[in-house]
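Dear colleague,

I am passing on the structure below, together with a short account of what was found in it. Please read the notes with the coordinates open beside them.

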Amino acid sequence: MSGPEKDIGPRDISSSIVMINRRQFTKLLGAGILMTVGGTDTGQASKAQAVTPLSDRLHVGVNGIITVMTGKVDIGQGSRTELTLVAAEELKVDIGSIRLIMGDTALCPDDGSTGSSLTTPRTVPRVRAACAAARQVLVKLAAKHWGCDAGLLKVRNGTVIHTDDDQSISYGELARIGGVDDAMARAGEDNNAVTPVAEWTVMGRPVRRLTSEDIVTGAQVFPSDIRRPGMHYGKVLNPPAYGAKLKAIDLQPAEETEGVTVLRDGDFVGVTAPTSHLAELAVRQIAKTAEWDTVAQPSSDELFTYIREHVSNKHAKQGKVVQKKGTLQAALDRAAQVLRESYSLAHIQHAPMEPRAAVAQWSDGNVTVWTGTSSPFPVRSALSKELGIPTERIRVIVPDTGGHFCGKHTGEAAIQAAKLARAAGKPVHIRWTREEEFTWAYFRKAGIIDVRAGIDTSGRITAWDWTTWHSGNSAIAVPYEIPNIFVQSKTCSAPVREGSYRAVAAPANVFARESFMDDLAHAAKADPLEFRLRHISNDRLRAVVDAAAQRFSWNKARRNVTDTRGVGIACGTEKGSYVATCAQVEVDRECGEIRVVRVCEAFECGAIINPANLKIQVEGCIVMGMGGALWEEIRFDDGRILNAGFGHYRVPRFSDVPELDVILIDRPDVSSAGAGETPMITIAPAIANAVFAATGLRIRSMPIKGEYLKKSWTDKETLGPSQSGEMQ
Amino acid sequence: MTAKEAELVPEAIDLTVNGRPRQAHPRLYPRLLQALREELGLTGTKYGCGEGLCGACTVLIDGKAVRSCRTLTQSVTGKNIVTIEGLAENGNLHALQQAFIDEDAMQCGYCCPGMIMNAAALLRENPHPEKIEIIEKMDGNICRCNNYSRIIAAIRKVADQ
């Protein structure tokens, strides 16, 4: 056993030991208390909500430092700070006493991938319940130590205090008393022990990023910053186009270069060299000799035709029915007016500032891979499959990563680095170029939405018929009070590699729905705000709409609309949270410019855990959402991405940022929901509606390009995909 | 580059990095970003695009903000380079570093070193810029977490001091 104040930190361990399991880790931590929760919970499932024996969720060190472990990762959204502060709250210690280990498959329980805004609703409660139970165990240990009733004891600042005689014993001192592991093994998470919202002293208050000093000094080690002794740099030979198959290649020129290792493993060809430059040269040498078979690939110019023509067999007649109520056709027949429109959206890229990166190091048939991913455990499984070794021989570590936006659910760089490191017999570093990230990562799905609705003579919506083509189901259900509803979603074959994105399909469905709500309001000769409120019965949705409209001074702003200045509103709900956005735009039809000058957004996600981080998330979502709303669009042709770089793929920049006014509505009586996605779903329709208010022009396609304003418009004054698909 | 041109590239150059004399090898690390990260181990300077379009790799060369991904290593012979690791002096954070912390001007933080170095050069040239000048000078730096308004606030905080 080490000295009483000595404890090993996670940094020491991750840098010095390649393979380790939780038992060895506990030994390394020295005499302390080991508590177990969860264990082998896989995926996002809540199956481990049942009482499970305690496993390694946390460890109390002899120096009073509490090591908490989670399979979740921090990819910029602030989960490290959030999970640290909830652990501090439940253990009644200061934040500085918590050391959080994240995303290490050897040490952490599998809390599922970091995505779908699930860290707050799923992992936070489990960490809280574990830490609260641990606090109770510590109190019982102190009671046993003193031979008193645990009811006489309370906990303050990492110390158990006897209320009668003022004795106290710190967690560190308790950890030094042996013979406690058995007691711990009999305890489990305790949801009833968590601190009620009214008694929170750490949660609910603003806490800054705990890693901020490391970030501003350059000390933070991102996945691409990992360096290992003797490390080489890897580079992969990419096909010239999607679907291209390697026919022949001469590896000899690179193989004969000193210091270079070349690996061909089926279609995978890669090299390693002592520097990234030499690796690049080696790949260029062999790329010249490569012959490829290519197959015809679709073009983004024909994207919307492609989607309609490539609907999956199972959805040929009818899509997946997501929402159904009343009798649609009869309601449409009776309606005073029926409107029918189509909306579309392009593929976009996450473009995180840190492209995919990984470092792999082999030792005795075991491999450790440091990589940037949301999904350490699924990446470990993928590595197992690709490398042909069991998961027990693989350790995946996810250092805090430079952005994700649901674009790093996969482990391409990890697999490449591990294969090349095995071939080279050295640690190997892989970091994708921006062009690779824009080409070989996955894109947010494009899609089309067809909708028609009927309104009665009093201006109420009586029928709602909706089909989403391909882009997905998030936020597809209409949140308004409508008596007759049919909502379906059809999947199609993908023209490019597609995957998840921040808020997934919600920006698409909400863009279409909230744009269409404005169309309906216009047809009913109603104010867009009043028209929405007319159809809202959900109090939480109404509260955000009211809050945003009031702060924005909606009625006054509407009165001040001119043909160059418009205002728009949109609202929605997704993943248990509620959002409403008012936007003011300035348009210049001659120059084809849309400028967002002011955004006011109200957001509510239940009880607020960290208001500082929540505000940052909402602000970031608004501006990120402006990118997809106004500019971002992947163009492709013949299997090649035509704008695979920041020079041709326009993302929001400093000069685009509007005046931001964020209202956070705290609901201590409601369970906390995640907040990293939903705040971005309403900005695009708010902008589209503001453009309509100023110009009378309805742009039905995302991105809402300013250049559309320059074209000659037909009488119908609309722009969107043609509606050739048959409606239900 | 032809073999003959490659021979014209010096094997080693001397430069000053964060106040210390260092050597770099342009043939192995032709871009300054590569020399800093791979040869000198200064990984605070980030790769973002390799085209000079995002600003993540910004460093100071003789006090001017430069994109290290586009800078030839051989071109900085004898120059004075400051990276994010060298911005704090005597253990005290640079005012911009402190302002970034105070204003929560980061999410993932990957763009921050480049943002801070670009802003440091801006404030050297113009210690009290207007907001519009800050936006103009910073517009080549991308933050995909879209924390721009807080970065502006952090720079303004220092500019107003």
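The domain bounds used here come from an automatic or database domain assignment. The model is a predicted one, and on that assignment chain B is divided into domain 1, covering 3–86, and domain 2, covering 95–159. The C-alpha centres of domain 1 of chain B and domain 2 of chain B are 22 Å apart.

As to the chain overall, chain B contains 6 helices and 5 strands, and these follow one another along the sequence in the pattern α-β-β-α-β-β-β-α-α-α-α. The radius of gyration of chain B is 16 Å, close to the 15 Å that the globule rule gives for 161 residues, so chain B is as compact as a globular protein of that length. The C-alpha trace of chain B spans about 50 × 30 × 25 Å along its principal axes.

Turning to the interface between the domains, 17 residues of domain 1 of chain B are in contact with 13 residues of domain 2 of chain B, and the two domains bury about 1,200 Å² between them, with 61% of that area on carbon and sulfur atoms. Between domain 1 and domain 2 of chain B there are 0 salt bridges, whereas 4 residue pairs, both residues at pLDDT 80 or more, are in polar contact. On the side of domain 1 of chain B that touches domain 2, the elements that give two or more residues are β3 (58–61) and β4 (64–67) of chain B, and by class that side has 9 nonpolar, 5 polar and 3 charged residues.

Definitions and conventions: Residues are numbered from 1 along each chain as its sequence is written. Chains are lettered from A and ligands numbered from 1 in the order in which they are written. This is a predicted model: local features need pLDDT of at least 70, side-chain atom pairs count only at pLDDT 80 or more; totals for chains, interfaces and linings use all residues. Side-chain values use heavy atoms; hydrogens and water are left out. Contact means heavy atoms within 4.5 Å. Buried area is the accessible area (1.4 Å probe) that two parts lose on being put together, summed over both. A salt bridge is a side-chain nitrogen of Lys or Arg within 4 Å of a carboxyl oxygen of Asp or Glu. A polar contact is a pair of N or O atoms within 3.5 Å; within protein, one must be able to donate a hydrogen and the other to accept it, and residues adjacent in sequence count only if both atoms are side-chain atoms. Helices (H or I, at least four residues) and strands (E, at least two) are DSSP runs, numbered from the N terminus. Ala, Val, Leu, Ile, Met, Phe, Trp, Tyr, Cys and Pro count as nonpolar, Asp, Glu, Lys and Arg as charged, and the others, Gly among them, as polar. The radius of gyration is taken over C-alpha atoms; the globule rule is 2.2 Å times the number of residues to the power 0.38.
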